[in-house]
Amino acid sequence: MQKLLCVYCSSSDRLDPKYAAAAEELGRELVARGFGLVYGGGKTGLMGAVARAVKSRGGRVVGVIPEFMKARELAYDEADELVTVVTMRERKLLMEARADAFVALPGGFGTLEEIMEILTLRQLDVVKKPCVFFNQDGFYDDLIKLFEKMLAEKFFKPSNMDLFRVAASVSDIFTQIEAARGVQAESKWFQTR
Ligand code: AMP
């Protein structure tokens with residue numbers, strides 16, 4: 001079966017065009033590397049940009065969208081497979097199950113929530129698949145600084161920092177996915193005695 005890259009990204013249409021340009025580059029590049037796309041099934045913002053770019057190169061698009069968003073005509077109807085679910089939670093579960101790797105492009109609350117759930121499952125070793133932040137123009141620098149503070153103050157172990165990779169360019173996303181393969185989570189819990 002074809003590998004699917006799960007892309008979490010912004011649904012906003014008001015961004016600097018450089019973000020859509022990078023999302024489109026990712027869409028073309030993932031097809032070139034033999035991946036299909038699984039994502040939230042939207043047609044707006046970076047979500048629409050990445051999906052249209054995948055289709056423009058003959059790639060496969062799998063969208064997973066809640067009924068209430070579909071009803072509001074937010075769905076990308078040209079997707080090869082558009083799975084309709086009821087809740088946002090079901091949607092995340094399906095995207096996670098179908099994906100072979102995860103990447104977060106710049107985004108808002110939704111994007112952050114989705115990638116943080118994956119990291120939470122990574123640290124429990126429930127999810128074992130590569131997880132990458134695309135740090136376009138330093139977008140995620142402050143989040144990574146916060147992770148470093150969490151580490152310094154022992155909210156988690158040093159090995160937690162190996163559970164995700166940071167990519168500096170679109171092609172680096174794929175380098176980081178390969179580098180992340182096989183990294184196993186250490187037990188999450190500190191020794192209690
Ligand atoms: P945000 O970063 O807040 O724009 O949220 C984007 C993420 O949340 C995407 O990866 C989607 O899975 C989901 N999402 C939020 N808004 C939409 C929308 N209008 N259409 C489809 N998915 C959305």
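Helices (H or I, at least four residues) and strands (E, at least two) are DSSP runs, numbered from the N terminus. This is a predicted model, in which local features need pLDDT of at least 70, side-chain atom pairs count only at pLDDT 80 or more, and totals for chains, interfaces and linings use all residues. Residues are numbered from 1 along each chain as its sequence is written, and side-chain values use heavy atoms, with hydrogens and water left out.

**Stop 1: Phe109**

Select Phe109, which is found in helix α5. Is Phe109 buried or exposed? Its relative accessible area is 78%, so Phe109 is exposed (buried means under 20% relative accessible area, exposed over 50%, partly exposed in between, with a 1.4 Å probe and protein chains only).

**Stop 2: the ligand**

The shell holds 17 residues, and the closest are Ser11, Arg91, Gly108, Thr111 and Glu114 (a residue is near a molecule if one of its heavy atoms lies within 4 Å of it). Which helix gives the largest share of this shell? Helix α5, residues 109-123, supplies four residues, the largest share. Sorted by class, the shell has six nonpolar, nine polar and two charged residues. Here Ala, Val, Leu, Ile, Met, Phe, Trp, Tyr, Cys and Pro count as nonpolar, Asp, Glu, Lys and Arg as charged, and the others, Gly among them, as polar.

Next, draw distances from oxygen atoms of the ligand:

- to a polar side-chain atom of Ser11, 2.8 Å;
- to a polar backbone atom of Gly110, 2.9 Å;
- to a polar backbone atom of Cys9, 3.5 Å.

On its own the ligand has 480 Å² of accessible area, and the protein covers 87% of that (areas come from the Shrake-Rupley method with a 1.4 Å probe; for residues, only the protein chains shown count as cover).

**Stop 3: Gln123**

Move to Gln123, also in helix α5. Gln123 counts as buried because its relative accessibility is 15%. Show Asn160 as well: a polar contact of 2.8 Å joins the side chains of Gln123 and Asn160. A polar contact is a pair of N or O atoms within 3.5 Å; within protein, one must be able to donate a hydrogen and the other to accept it, and residues adjacent in sequence count only if both atoms are side-chain atoms.

**Stop 4: two loop residues**

Most residues other than glycine have a negative phi. Select Asp125, in the loop between α5 and β6 (131-134). Phi of Asp125 is near 60°, a positive value. Asp125 counts as buried because its relative accessibility is 17%.

Then select Asp137, in the loop between β6 and α6 (141-152). Phi of Asp137 is positive too, near 50°. With a relative accessible area of 59%, Asp137 is exposed.

**Stop 5**

Select Val132 in strand β6. Why does Val132 count as buried? Its relative accessibility is 0%. The C-alpha atoms of Val132 and Ser159 are separated by 16 Å, and the two residues are 27 residues apart along the chain.

Finish at Ala23, in helix α1 (residues 17-32). Ala23 is buried, with a relative accessible area of 0%. Val50 is 27 residues from Ala23 in sequence, and their C-alpha atoms are 5.0 Å apart.
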